[in-house]
Amino acid sequence: MILKHGAPDLMFKAGVKDNRCFRCGNREKDLFYTYYSSYDETDITYCLHCIALGRSDSLNPLYGYETVRQRDNIDYALDFELNDVQQAASTRLLDAIKNNHNLLLYAVTGAGKTEITFEGIKYARNSGLNVAFVSPRIDVVKEVYLRLADAFKGVRIDLMYSGVKSVFSHMFTVCTVHQLFNCIDHYDVIIIDEVDAFPLPEEPLLMETVKRAAAEDASIILMTATPTAEMKLLAGKDNVVTIARRYHGYDLALPKVIWQNSSKYIKKKRIPPKLTELLDNIIKAGRKVLVFFPDITMMKTAAEILKKKYSRLESVYSGDAGRYEKVQLMRDGELDILLTTTILERGVTFLYLDVIVIDAHRFDSASLIQICGRVGRKPKDPTGNISLITDFNTSGIRGTLAAISQFNKGRTAL
Ligand SMILES: [Zn+2]
């Protein structure tokens with residue numbers, strides 16, 4: 001079913017009862033708030049977990065409508081052919097959907113994961129199955145939507161994320177995970193891109209949300225470059241497909257570790273000398289660079305000092321209203337240097353790109369692997385330079401170097 005404000009059918013007499021939210025499935029006591037309403041002359045409890053979608057409370061009913069399934073007749077076109085490894089993965093994914101089981105697609109960054117799902121999506125929609133392509137990150141969701149819309153020309157695809165108001169059919173959806181709060185036993189295929197970007201430790205309920213939105217015989221397809229034991233468990237040990245090489249066949253670029261205490265310089269409003277050297281070389285070579293920072297404050301200070309020397313430079317972070325425009329400027333070649341937090345660690349592709357990570361010891365290896373994965377994504381620029389500036393050697397850094405070397409030898413950690 002789909003819960004929807006203003007829909008005709010009464011689904012639940014109240015959104016919240018006995019510390020349980022019927023909209024998002026929340027049962028965590030701490031995630032409810034109760035107050036006395038003098039207007040209604042009663043205590044009202046509401047759910048904090050799904051408050052971003054409007055209030056689900058103990059007073060007001062939830063409305064919605066029953067799940068509808070409709071066969072479509074869709075097809076897609078790609079401007080390249082899947083290579084043998086991608087083709088084999090595509091077939092496994094299609095089989096998972098046909099046989100109603102889950103699948104873990106463990107693929108290096110730049111393996112062409114999205115395209116591997118197209119055949120499965122086509123089969124599902126043409127069999128009348130409801131499909132959701134979800135990601136924890138809004139930027140990834142938008143990028144995936146563009147790629148799907150480009151391949152499945154003329155096909156109705158609902159793009160949903162916080163703040164978009166429109167009428168949706170919920171049959172072929174691209175959305176953030178939080179949008180699934182309103183769906184119960186509805187989607188027959190749920191593809192989760194960048195599943196490692198789930199804030200899982202902080203929000204274990206998100207995976208519950210996916211399971212709850214999934215219909216009884218659904219296939220959940222997990223896609224990641226850094227799988228966890230939980231993901232393997234959810235997929236089942238026989239349902240793991242591995243792709244250790246990028247679709248263009250070149251090795252992943254191996255990061256260089258550069259020893260310097262950047263924060264010491266930035267605090268004194270000076271550019272770390274090794275950073276200047278790297279930036280000058282990148283610009284001289286006619287390339288572009290993403291510089292990753294562990295926090296916004298440090299990035300803003302660095303932006304201030306770097307702008308005095310480099311004019312074609314901008315910075316972005318999650319709360320930055322102009323971030324999509326700045327990313328576009330970078331894409332259009334109007335910028336040489338884009339400073340960023342982890343917000344751009346995944347989902348973005350730029351040509352002729354190098355990356356630099358400041359204080360690399362403050363990033364975990366899942367994050368560093370994604371950041372390294374921004375480089376060399378296109379056949380005409382299949383490699384690049386990755387510099388991790390740090391003054392500590394951490395397990396995150398060692399793990400990243402080891403994982404990338406293993407991938408290049410055709411091996412993976414599972
Ligand atoms: Zn809730």
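Phe-292 counts as buried, because its relative accessibility is 0% and buried means under 20% relative accessible area, with exposed over 50% and partly exposed in between (1.4 Å probe, protein chains only). This phenylalanine lies in strand 14 (residues 288-292); helices (H or I, at least four residues) and strands (E, at least two) are DSSP runs, numbered from the N terminus. This is a predicted model, in which local features need pLDDT of at least 70, side-chain atom pairs count only at pLDDT 80 or more, and totals for chains, interfaces and linings use all residues. Residues are numbered from 1 along each chain as its sequence is written, and side-chain values use heavy atoms, with hydrogens and water left out.

Leaving aside neighbours within four places in sequence, Phe-292 is in contact with residues including Thr-340, Leu-344, Val-355, Val-357, Phe-363 and Ile-371, where contact means heavy atoms within 4.5 Å. The C-alpha atoms of Phe-292 and Ile-343 are separated by 9.2 Å, and the two residues are 51 residues apart along the chain.

Asp-359 sits in the loop between strand 17 and helix 11 (365-372). With a relative accessible area of 3%, Asp-359 is buried.

Now to the metal. Which residues coordinate the zinc ion? The donors are the SG atoms of Cys-21, Cys-24, Cys-47 and Cys-50, at 2.3 Å. Donors here are N, O and S atoms within 2.8 Å of the metal (3.2 Å for Na, K and Ca); water is not among the atoms, so sites may look incomplete. The angles among the four donor atoms run from 104 to 113°, and the site is tetrahedral, a label that four donors receive if all angles lie between 85 and 135 degrees. Along the chain, the donors follow the spacing C-x2-C-x22-C-x2-C. Cys-21, in the loop between strand 2 (9-12) and strand 3 (32-37), and Cys-47, in strand 4 (residues 42-47), are 26 residues apart and link distant parts of the chain. Cys-21 is buried at 1% relative accessibility, and Cys-47 is buried at 0%.

The aromatic rings come next. A pair of aromatic rings is described by the distance of the centres and the angle of the planes. Rings of Phe, Tyr and Trp (its six-membered ring) pair if their centres lie within 6.5 Å; planes under 30 degrees apart count as stacked, over 60 as edge-to-face and the rest as tilted. By this rule there are nine aromatic pairs. In one of them, Tyr-76 and Phe-118 have ring centres 5.6 Å apart and planes at 70°, so the pair is edge-to-face. Tyr-76 is in the loop between strand 5 (62-65) and helix 1 (84-98), while Phe-118 is in helix 3 (residues 118-126), 42 residues apart. Tyr-76 is partly exposed at 21% relative accessibility, whereas Phe-118 is buried at 1%. Ring pairs also link Tyr-76, Phe-118, Phe-152 and Phe-172 into a cluster.

| Lysine | Ring | Distance from ring centre |
|---|---|---|
| Lys-98 | Tyr-123 | 5.3 Å |
| Lys-142 | Tyr-324 | 3.7 Å |

Helix 5 (residues 205-213) is mostly covered, with seven of its nine residues buried. Among those buried residues are Leu-205, Met-207, Val-210 and Arg-212. Their cover includes strand 10 (187-192), strand 11 (214-224) and helix 6 (229-235).

Where is His-170 found? It is in the loop between strand 8 (158-160) and strand 9 (172-176). His-170 counts as buried at 6% relative accessibility. The side chains of His-170 and Tyr-187 make a polar contact (3.5 Å), meaning a pair of N or O atoms within 3.5 Å; within protein, one must be able to donate a hydrogen and the other to accept it, and residues adjacent in sequence count only if both atoms are side-chain atoms.

Finally, some backbone angles. Most residues other than glycine have a negative phi. Asn-19, which is not a glycine, has a positive phi of about 55°. Asn-19 is placed in the loop between strand 2 and strand 3 and is partly exposed, with a relative accessible area of 30%. Tyr-352 also has a positive phi of about 55°.

Definitions and conventions:
Tetrahedral: all angles 85-135°; square planar, octahedral: opposite > 155°, others 65-115°. Lys NZ or Arg CZ within 6 Å of the ring centre and 35° of its normal.
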